[in-house]
Amino acid sequence: MELRSAWGKNVLDLTDEELAALTQEVARRTMTVAVIASPVGKSLITDPAAFESARLDRALAIARRLGSWGVRVFSFYLPPGESPERYRDEVLRRIEQWVHRAAESGITLLHENEKGIYGDIPHRCFDLLNSIGSPWFRAVWDPANFVRCGVRPFSTGFAMLAPFIAHVHVKDAVLGSGEVTVAGAGDGEIAETLAALATRGYRGYLSLEPHLLIAGSHGGFTGRTAFLTALRALRQLLEGIPAPS
């Protein structure tokens, strides 16, 4: 499981008592919380750095408590109309500090491409990952988010980012409208991506994140029925991948 919220609260807002109850429930269901899907970095780059610094500390503490190997982060929203290059150095400075603290905790930070942040398209994601150059800072591959930026993800960015991909979100979207769809029904080139990951020997998780009913910048929702539809679509794509020779 990739933990984003529980009982209607964001993971970072859970109390210690709620985390204890969550830990018991996860154990009872013999589940694993692989990644903490934190909102760290989903704020304006012009906001004080201390805000996200405190949220990162909480995310790392929760990851340690739940035995998670990774914490999802973002690379800051930019002021409307401003050039991303203007804020590049500050984005790098802040994230480098995060990575150092995460490494001390033995936890990997996973950067998710999100529309409107610095690392929203492949070449700026590569800039972040390559410039920081740490094994404790890896990429979440989210094809739908790339599509919503007008990018065909596999054709444009996979070869560039493949060495950094450590976690995959499975959701698809349609170019132009940005409508979110089940895997394979949009322009996210998910079948091609899954086949290439298999060829590369990918051993990470596929985190099913359909966002079929609500797909907003601060959250999404799918519901049980639509989630099962999304699961069947993913399984169909996986069944189409040739077995290793």
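In this predicted model, the axes of helix H7 (residues 190-200) and helix H8 (residues 224-239) come within 9 Å and cross at roughly 55°. Helix H7 is therefore oblique to H8, and the crossing in which H7 passes H8 is right-handed. On the H7 side, the contact is made by Ile190, Ala191 and Leu194, and on the H8 side by Leu234, Leu237 and Leu238. By class, the residues of this contact are six nonpolar, no polar and no charged.

Helix H4 contributes Pro122, His123, Cys125, Phe126 and Leu129 to the contact, while H6 contributes Thr156, Gly157, Met160 and Leu161.

| Helix pair | Axes come within | Crossing angle |
|---|---|---|
| H7 and H8 | 9 Å | roughly 55° |

In soluble globular proteins, nonpolar side chains tend to be buried together. The largest nonpolar core here has 59 residues, of which Leu22, Ile36, Val71, Ile95, Trp98, Leu109 and Phe137 touch the most other members. Helix H3 (residues 84-105) gives the most to this core, with seven residues. Another core, of five residues, lies apart from it and includes Val35, Leu110, Val140 and Ala166.

Neighbours within four places in sequence aside, Ile95 is in contact with Phe74, Ser75, Leu128, Ile132 and Phe137.

Technical notes: Residues are numbered from 1 along each chain as its sequence is written. This is a predicted model: local features need pLDDT of at least 70, side-chain atom pairs count only at pLDDT 80 or more; totals for chains, interfaces and linings use all residues. Side-chain values use heavy atoms; hydrogens and water are left out. A nonpolar core is a set of buried Ala, Val, Leu, Ile, Met, Phe, Trp, Tyr and Cys residues joined through side-chain atoms within 4.5 Å. Buried means under 20% relative accessible area, exposed over 50%, partly exposed in between (1.4 Å probe, protein chains only). Helices (H or I, at least four residues) and strands (E, at least two) are DSSP runs, numbered from the N terminus. Contact means heavy atoms within 4.5 Å. Axes are lines fitted to C-alpha atoms, for helices over the stretch in contact, and angles run from 0 to 180 degrees between N-to-C directions. Angles under 35 degrees count as roughly parallel, over 145 as roughly antiparallel, 65 to 115 as roughly perpendicular and the rest as oblique. A crossing is left-handed if the near helix is turned anticlockwise from the far one by less than a right angle, and right-handed if clockwise. Ala, Val, Leu, Ile, Met, Phe, Trp, Tyr, Cys and Pro count as nonpolar, Asp, Glu, Lys and Arg as charged, and the others, Gly among them, as polar.
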